Amino acid sequence: MIELRHVTKRYGAVEALHDVSFRAPEGQIVGLLGQNGAGKSTTLNILTGYLPPTSGQVLVDGMDLLQNARGCKRLIGYLPEKPPLYDEMTVWAYLRFVCELKEVQKSAIAAHVEDIIRTCGLSEVAHRLIGHLSKGYRQRVGVAQSLCGNPKVLVLDEPTVGLDPRQVVEIRALIADLGKTHTVIFSSHLLSEIQQLCQRVLILNRGHLEYEADMQELAETGETLRLRASIAMREKQLIPALRSLPCMRRVKALPTRTIEISEVLLECDASAVPDAQTQLFRLLCGLDAPIRMLVEEHDSLETVFLRATDEGTKVPS
């Protein structure tokens, strides 16, 4: 639906983005994650046509954004980090004004505005001045203006920043609902927010796209297999035996309620032959040490993010 191809952006000698490529398919919520200064806002400004890339290409529904700016921008709704609101206007009048700017057919504007107001939960404040609204309602109005003109793609820059916990929950619920009918790209520095809302995550670090994957792929990332096990053997005998396995990279003993049972966290070479589980089962059978519990633990988004943003460390995409 919307795609960046080898996009680089420079401000004089400063390179804000370097050779960034990714695609947001139709009907997905894609999260753009990164620390402050990673290049998130620059990426979104280029996606929406507010900034031209120094090099590279932006495609919206197959159209080049620079060559067909008008057609592409009709398909994009944008909520910048600071919503472009007019405090002296009512919510209804403001949304009508935005519809006129986006060249919505005049006869359809009233019904379109009413539909957006219902979708964004603004019915109670539709005729109040924007300047008199709470931060949460102002953010809802910002999302509402991005819906004017029925765009296929919504680009939201830090949509929950500065909101109180209840308002954050409400805006997240709104984004999740919008994701059922739109392609949504939104930036955040909150790991929990990306994990809760997105089907796909992109991690930017110092202008480089360090990581890109579907959320379910997080479980398959990396060369280390992590296993948590409960084994019927005393720790003093078990730990040295586990460390002797060729596949074993790290063994960590965990607290237990009885000395007869050992709880351990194992980090194994995922490419080991035979595989780590086979080596483990053979060892424990030979030791007559029954396995009471064995579960595979996966990388969390936090682990992947910290690895991707650690200087000099790359996460495979």
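A crossing of two helices is called right-handed if the near helix is turned clockwise from the far one by less than a right angle, and left-handed if the turn is anticlockwise. By this convention the crossing of helices α3 and α4 is right-handed, and α5 likewise passes α6 in a right-handed crossing. The model described here is a predicted one, and the protein in it is divided into domain 1, covering residues 2-219, and domain 2, covering residues 223-297. Between the C-alpha centres of domain 1 and domain 2 there is a distance of 47 Å.

**The pair α3 and α4**

- Helix α3, made of residues 91-101, and helix α4, made of residues 106-119, have axes that come within 10 Å and cross at roughly 125°.
- Because angles of 65 to 115 degrees count as roughly perpendicular and only those over 145 as roughly antiparallel, α3 and α4 are described as oblique to each other.
- On the side of α3 the contact is made by Trp92, Leu95, Arg96, Cys99 and Glu100, while α4 contributes Ile109, Ala110, His112, Val113, Glu114, Ile116 and Ile117.
- Sorted by class, the residues of the contact between α3 and α4 are eight nonpolar, one polar and three charged.

**The pair α5 and α6**

- Helix α5, residues 135-147, packs with helix α6, residues 165-178, at an angle of about 15°, and their axes are 10 Å apart.
- Since angles under 35 degrees count as roughly parallel, α5 and α6 are therefore placed in that class.
- The residues of α5 that make this contact are Lys135, Gly136, Gln139, Arg140, Val143 and Leu147, and those of α6 are Gln167, Glu170, Ile171, Leu174 and Leu178.

- Strands of a sheet pair through backbone hydrogen bonds, and they do so either parallel or antiparallel.

- A second open sheet is formed by four strands in the order β2-β1-β4-β5, with antiparallel pairing.
- Its edges are β2 (14-24) and β5 (63-64), and each of these strands has a single partner, so one side of each is left without a neighbour in the sheet.
- Strand β1 (residues 2-11) pairs with strand β4 (residues 55-60) in the antiparallel sense over five bridges, and Leu4 has Val58 of β4 as its bridge partner.
- Helix α1, residues 40-47, lies across β1, β2 and β4, and the helix runs at about 120° to β1.

Key:
Residues are numbered from 1 along each chain as its sequence is written. This is a predicted model: local features need pLDDT of at least 70, side-chain atom pairs count only at pLDDT 80 or more; totals for chains, interfaces and linings use all residues. Side-chain values use heavy atoms; hydrogens and water are left out. Domain bounds come from an automatic or database domain assignment. Axes are lines fitted to C-alpha atoms, for helices over the stretch in contact, and angles run from 0 to 180 degrees between N-to-C directions. Helices (H or I, at least four residues) and strands (E, at least two) are DSSP runs, numbered from the N terminus. Contact means heavy atoms within 4.5 Å. Ala, Val, Leu, Ile, Met, Phe, Trp, Tyr, Cys and Pro count as nonpolar, Asp, Glu, Lys and Arg as charged, and the others, Gly among them, as polar. Two strands pair if DSSP finds at least two bridges between them.
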